Amino acid sequence: MTIISGFSKFSHKQRLAFLVAHSDLNDQQALRLNDFSAPKEDQQRLLGEMVENYIGNFPLPMGVVTNMVINDESYSVPFVTEESSVIAAASKAAKFWAERGGFHAQIESITKKGQVHFSWNGNPEIIHELFPEIKRILTDSTLEITDKMRKRGGGITDIQLLDKTNELPCYYQIDLSFETANAMGANFINTCLEKIASVLQNLSELNNEETKVEIIMSILSNYNPDCRVICWVECPVEKLSGWNKNLSYNSFAAKFKQSVDIANLDISRAVTHNKGIFNGIDAVLLATGNDYRATAAGAHAYASRRGKYKGLTTVIVTEQTFRYELEIPLAIGTVGGITQIHPTVKNVMAILKYPDAKKLMMIAAASGLANNFAAIASLISTGIQTGHMKMHLSNILNQLVTTDTERELANTYFSDKTVSNSAVNDFILSLRSGI
Ligand code: MEV
């Protein structure tokens with residue numbers, strides 16, 4: 001495994017050449033990534049047909065996090081984000097951990113869920129008694145629409161009747177579990193649920209009694225606690241000394257643990273702690289065309305699973321070892337949706353060496369853990385503003401509509417000074433007024 005240094009100093013051409021050499025990106029795809037002009041006509045049509053009332057494209061920058069080692073395999077991970085310093089922070093953490101064995105990850109399961117919500121005003125005992133037979137009929141009714149998915153190793157794996165009448169009068173769910181192979185599976189799941197709902201409705205109508213099933217709604221759930229990845233880093237405590245020279249490894253480990261403890265006990269900190277995780281995860285999900293709103297909703301609910309919202313990470317520090325872990329549900333895919341249509345997503349998949357859904361879950365989790373580790377490591381040592389504002393300097397200069405010369409002078413001047421909006425403003429004003 002080669003660890004790359006100085007990637008940020010590479011020219012744009014050198015960066016693409018590196019990706020062509022170290023991933024599945026080919027020269028042709030690299031050329032397309034390099035193309036800053038308006039999308040080609042065929043791409044334009046694809047984008048225009050993805051949404052309704054289309055009026056144009058909205059570019060966001062994409063960068064790459066280098067040295068991401070996961071289960072001994074090296075990745076360059078494309079991040080799409082509007083926030084300065086996210087990619088720099090993840091890259092710093094990725095390199096730090098690549099030199100200490102990298103990230104480790106394992107998938108707990110990829111089971112996803114969906115429910116048919118319905119009401120039934122009859123005797124609950126009757127529906128419970130009839131359910132085994134109803135379940136057989138419902139399963140049979142979906143065989144045609146699950147055929148392709150079953151051939152890919154997926155399908156409906158469980159159907160349960162949940163009696164919720166104690167919480168809402170007459171309210172039940174048919175709760176289904178799905179395996180959707182490499183797809184996030186939203187369309188597959190919703191199609192199955194709507195089929196099941198209509199068969200259930202018909203069954204009830206055939207039954208000539210006064211009691212009837214009333215379908216309320218049928219929809220996948222974005223709460224998929226079983227579809228989970230565990231990702232961790234681990235090293236001897238003394239190896240932590242590499243992050244900040246002003247903090248001993250023991251102090252680093254102790255303060256790091258305190259900061260994770262705080263995220264577990266205080267909601268104000270927990271939300272920000274978890275946002276830092278999503279800095280990495282969302283950047284990967286955007287780049288790979290995945291539904292980042294679904295994963296965020298599910299993960300925040302998971303963070304509250306014990307009745308209190310907490311940080312999604314845990315840390316164990318012993319005399320010898322530091323271990324830091326993220327456990328997070330991520331229902332994402334590498335086929336379906338726009339993952340195989342969007343022109344840039346296709347190139348991103350090549351850079352990631354065409355991962356399957358499980359690998360992409362690991363890559364996203366490692367990216368989240370990298371960003372979160374970098375954030376905490378900075379917060380307990382230098383603070384984040386020095387690094388953040390250094391990366392944000394170019395945005396401030398662009399807002400002030402500076403010339404090339406002004407930018408060059410500002411970059412030199414601020415290379416060893418604290419960047420702030422007002423300091424940069426004053427500096428440019430002084431240049432312009434010749435002071
Ligand atoms: C900023 O985008 C993310 C952080 O606020 C995360 C954190 O506080 O852990 C730095």
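Which helix gives the largest share of the lining of the largest cavity? Let me keep that question open for a moment, and say at the outset that what we are looking at is a predicted model.

I will start with the ligand, around which we find Glu 83, Arg 269, Thr 272, His 273, Lys 275, Gly 276, Asn 279, Ala 375, Leu 379 and Ile 384. Sorted by class, this shell has three nonpolar, four polar and three charged residues. In Glu 83, a polar side-chain atom lies 2.6 Å from an oxygen atom of the ligand, and for Arg 269 the corresponding distance, again from a polar side-chain atom to a ligand oxygen, is 2.7 Å. Lys 275 has a side-chain N or O atom that is 2.6 Å from an oxygen atom of the ligand. The ligand taken alone would expose 300 Å², and the protein buries 84% of that. Two elements, helix 9 (267–287) and helix 12 (357–379), each give two or more residues to the shell, with helix 9 providing the largest share, six residues.

Now to the cavities, where the count comes to two of 30 Å³ or more. The largest holds about 70 Å³ of space, and the answer to my opening question is helix 10, residues 292–303, which contributes four residues to its lining. That lining has six nonpolar and four polar residues, and no charged ones. In the second largest cavity, with about 50 Å³ of space, the lining has four nonpolar, three polar and two charged residues, and Lys 112 and Lys 113 are among the residues found there.

Key:
Residues numbered from 1 in each chain as written. Predicted model: local features only at pLDDT ≥ 70, side-chain atom pairs only at ≥ 80, totals over all residues. Heavy atoms only, no water. Near = heavy atom within 4 Å. Polar contact = N/O pair within 3.5 Å; in protein donor to acceptor, adjacent residues only side chain to side chain. Areas by Shrake-Rupley, 256 points an atom, 1.4 Å probe, with all protein chains shown as cover. Nonpolar A, V, L, I, M, F, W, Y, C, P; charged D, E, K, R; others polar. 1 Å grid on protein atoms, 1.4 Å probe; cavity = no way out; pocket = protein on both sides within 12 Å on 5 of 7 lines; lining within 4 Å. Points joined across faces, edges and corners; volume = space filled by probe spheres on them.
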